[in-house]
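Dear colleague,

Please find the structure below, followed by a short account of what was found in it.

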Amino acid sequence: MCGRHRRIAARALALAVFVAAPTFAAGDVEYGAYLAQDCSSCHQKNTDSAGIPKITGLPADYFISALKAYKEGQRDHSTMQMIARSLDDEQVRALAAFYASE
Ligand code: HEC
């Protein structure tokens, strides 16, 4: 392959990644609803209970940074740290999108 074609291919790939990024960043609400089944045993919808805050309606940005803080140990709560560490970035974004929409 000559150099010029390779550069065009690279540029097309960069463009594809750029165009696809916003859909990934938004988080999948339906996937979030599915994952949230594991949270609703503690987090009640629309109300705090027994020291467990409600998480419905939290802005996605806040939600993501809260889970990151548990994951990295800046927020100290062993249960939530364990839960946050079991979630990958896509799952955190999906949960954030779901709870923000609730
Ligand atoms: C075993 C009970 C339990 C389960 C299950 C649980 N949580 Fe929590 N969660 C808590 C408690 C307790 C806190 C408050 C911890 C603290 O004081 O920092 C909390 C805090 C949070 C916060 C921070 C809320 C705020 O206002 O800052 C978020 C976000 C959160 N949980 C998300 C989740 C998600 C998402 C799941 C499911 C994947 C989940 N939690 C499952 C008990 C639980």
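Helix H3 (60-71) and helix H4 (78-85) each contribute at least two residues to the shell around the ligand; helices here are DSSP runs of H or I with at least four residues, numbered from the N terminus. The model is predicted: local features need pLDDT of at least 70 and side-chain atom pairs count only at pLDDT 80 or more, while totals for chains, interfaces and linings use all residues. Residues are numbered from 1 along each chain as its sequence is written.

Around the ligand there are 18 residues, of which Cys39, Cys42, Pro53, Ala66 and His77 come nearest; a residue is near if its C-beta atom, placed from the backbone, lies within 6 Å of the molecule. The shell comprises 11 nonpolar, five polar and two charged residues. Here Ala, Val, Leu, Ile, Met, Phe, Trp, Tyr, Cys and Pro count as nonpolar, Asp, Glu, Lys and Arg as charged, and the others, Gly among them, as polar.

H3 also packs against H4, at an angle of about 105 degrees and with the axes 7 Å apart. Axes are lines fitted to C-alpha atoms over the stretch in contact, and angles run from 0 to 180 degrees between N-to-C directions. H3 is therefore roughly perpendicular to H4, a term covering 65 to 115 degrees. Leu67, Tyr70 and Lys71 of H3 meet Met80, Gln81, Ala84 and Arg85 of H4, contact meaning C-beta atoms, placed from the backbone, within 7 Å. By class, four residues of this contact are nonpolar, one is polar and two are charged.

Yours sincerely

Key. Parallel < 35°, antiparallel > 145°, perpendicular 65-115°, else oblique. Contact = placed C-beta atoms within 7 Å.
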